[in-house]
Amino acid sequence: MTLRIVFMGSPAFAVPALDGLLAAGHEIVLVLAQPDRPAGRGRLPTPPPVAAFARERGLPLFQPPSLKPPEAFAHVRDAAPDVIVVAAYGLILRREVLDLPRLGCVNVHASLLPRHRGAAPISAAILAGDTETGICIMQMEVGLDTGAVYSRRSTPIGPQDDTPTLTERLALIGRDLLIETLPRLAAGEIVP
């Protein structure tokens, strides 16, 4: 089943999920990423990895600093998504955005919820000395990482793991779990 998807993400962690959705044949009707920001010695405006990927693939890209202005919300609404997929986007979504798609908003979260909610779950797991972490595909709601979980997959944290290696592994696990979960969600086979 092909879904119309609005994808919201910014860092490299989110790129495999977006790439996986494309490879699975879903229609990416809009990609949202954080605005380009100054980076490097020259402080030149640099796109976040998701924006760079979207430009390379010719996907429709929107980089608003906020979704609060009516015209920003209208841009997302007019894309008419079946589902909004979020992976480390960097903005909290308001109720009107969460309620927009018929299948709701789904988040690719890099921890085994309810442990390590919030913006830096991978680093938090390492700093806490956890021996295991993982990915949750979760239903988004107004609270921060408080929605019900659709699916989850764990991975051990080895002594050689650091934030970059674990981020890379979790991004690939997130991609695979997302691709497995979305068709089941669309078919009504999953109860969060």
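I looked up Ala88, which lies in the loop between strand E6 and helix H4 (95-98). Helices (H or I, at least four residues) and strands (E, at least two) are DSSP runs, numbered from the N terminus. The model is predicted, so I note its limits: local features need pLDDT of at least 70, side-chain atom pairs count only at pLDDT 80 or more, and totals for chains, interfaces and linings use all residues. Residues are numbered from 1 along each chain as its sequence is written, and side-chain values use heavy atoms, with hydrogens and water left out.

Ala88 is not a glycine, yet its phi is positive, about 55 degrees. At 32% relative accessibility, I log Ala88 as partly exposed. The scale runs: buried under 20% relative accessible area, exposed over 50%, partly exposed in between (1.4 Å probe, protein chains only).

I then checked Ala80, in the loop between helix H3 (70-78) and E6. Ala80 also has a positive phi, of about 50 degrees, without being a glycine. Its relative accessibility is 43%, so Ala80 counts as partly exposed.

**H1 against H2**

I took helix H1 (residues 15-23) and helix H2 (residues 49-57) next; their axes come within 9 Å and cross at roughly 30 degrees. Axes are lines fitted to C-alpha atoms, for helices over the stretch in contact, and angles run from 0 to 180 degrees between N-to-C directions. H1 and H2 are therefore roughly parallel. I use these classes: under 35 degrees is roughly parallel, over 145 roughly antiparallel, 65 to 115 roughly perpendicular, and the rest oblique.

On H1, the contact (heavy atoms within 4.5 Å) uses Val15, Leu18, Asp19 and Leu22; on H2, it uses Pro49, Val50, Phe53 and Arg57. I sort these residues into six nonpolar, no polar and two charged. Nonpolar covers Ala, Val, Leu, Ile, Met, Phe, Trp, Tyr, Cys and Pro; charged covers Asp, Glu, Lys and Arg; the others, Gly among them, are polar.

I list Val15, Pro16, Ala17, Leu18, Gly20 and Leu21 as the buried residues of H1. Their cover includes strand E1 (4-9), strand E2 (27-32), H2, strand E6 (83-87) and H6. After H1 comes Gly25, with a positive phi near 90 degrees.

**Cores**

I found 40 residues in the largest nonpolar core; Phe7, Val85, Ile135, Leu178 and Leu182 have the most contacts inside it. A core is a set of buried Ala, Val, Leu, Ile, Met, Phe, Trp, Tyr and Cys residues joined through side-chain atoms within 4.5 Å. Helix H6 (residues 163-186) gives the most to this core, nine residues. A second, separate core has 19 residues, including Val6, Met8, Val29 and Leu93.

Leaving aside neighbours within four places in sequence, I see Leu178 in contact with Ala17, Leu21, Val85, Val106, Val108 and Ile137.

**The loops on either side of H5**

I placed Ser111 in the loop between strand E7 (105-109) and helix H5 (121-127). Ser111 is buried, at 1% relative accessibility. Its side chain makes a polar contact with that of His109 (3.0 Å). Such a contact is a pair of N or O atoms within 3.5 Å; within protein, one must be able to donate a hydrogen and the other to accept it, and residues adjacent in sequence count only if both atoms are side-chain atoms.

Pro114 is in the loop between E7 and H5. I noted a cis peptide bond between Leu113 and Pro114, with omega about 15 degrees.

Asp130 sits in the loop between H5 and strand E8 (132-139). I log Asp130 as buried, with a relative accessible area of 14%. A 2.7 Å polar contact joins the side chains of Asp130 and Arg115.
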